[in-house]
Amino acid sequence: MSFSLFDNGEFELDSRFSPQQSFYNKATVVIDSDGGTGLTVTLRSYLTPIVTLHVNADAEVQRIEWLNGDPADWSNTTWRHIREFFKQAGLKATSKAQCLRDYACEVD
């Protein structure tokens, strides 16, 4: 996992796998303790919480929780943020279709 899980807080999502130089503070990551031994890592796109990864003490993603609507309806820009977020979390994220196929079963 590329995120520093040692610090709770909020930071801008860096562009490491995407051709964009920056997301210009339009995509942020919020890391919080889940009250147990794990963490929640939430992506915000344009200030809207989009998806939360529930991570165990070994930095492994245990569960994906989609927030605020149907993931299939989000903009292309938000999907660029999601793919970058997933890749930095060590998840496969080659396309919107692949992400929906592999992870949308977790939609609450």
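Trainee: Which side chain meets glutamate 10 in a salt bridge?
Mentor: In this predicted model, the partner of glutamate 10 is arginine 44, at 3.4 Å from N to O. A salt bridge here is a side-chain nitrogen of Lys or Arg within 4 Å of a carboxyl oxygen of Asp or Glu.

Trainee: What parts of the chain does the pair link?
Mentor: Distant ones: glutamate 10 belongs to strand β1 and arginine 44 to strand β3, 34 residues apart. Strands (E, at least two residues) and helices (H or I, at least four) are DSSP runs numbered from the N terminus.

Trainee: What is the relative accessibility of glutamate 10?
Mentor: The value is 47%, so glutamate 10 counts as partly exposed. Arginine 44 is also partly exposed, with a relative accessible area of 27%. Buried means under 20% relative accessible area, exposed over 50%, and partly exposed in between (1.4 Å probe, protein chains only).

Trainee: How many salt bridges does the count come to?
Mentor: The count comes to 2 salt bridges. Arginine 16 and aspartate 14 form one of them, at 3.4 Å from N to O. Arginine 16 is partly exposed at 45%, and aspartate 14 is partly exposed at 39%.

Trainee: What are the conventions behind these values?
Mentor: Residues are numbered from 1 along each chain as its sequence is written, and side-chain values use heavy atoms, leaving out hydrogens and water. Local features need pLDDT of at least 70 and side-chain atom pairs count only at pLDDT 80 or more, whereas totals for chains, interfaces and linings use all residues.

Trainee: Turning to the sheet, in what order do the strands come?
Mentor: The 5 strands form an open, antiparallel sheet in the order β1-β2-β3-β4-β5. Its edge strands, β1 (9–12) and β5 (61–66), each pair on one side only. Pairing requires at least two DSSP bridges between two strands.

Trainee: How many bridges join strand β3 to strand β4?
Mentor: There are 7 bridges between β3 (residues 39–45) and β4 (residues 48–55). Threonine 42 has threonine 52 in β4 as its bridge partner.

Trainee: And the core: which residues have the most contacts inside it?
Mentor: In the largest nonpolar core, of 24 residues, they are Leu53, Trp66, Phe85 and Phe86. At least two core residues come from each of β2, β3, β4, β5, α1 and α2 (96–103). Such a core is a set of buried Ala, Val, Leu, Ile, Met, Phe, Trp, Tyr and Cys residues joined through side-chain atoms within 4.5 Å.
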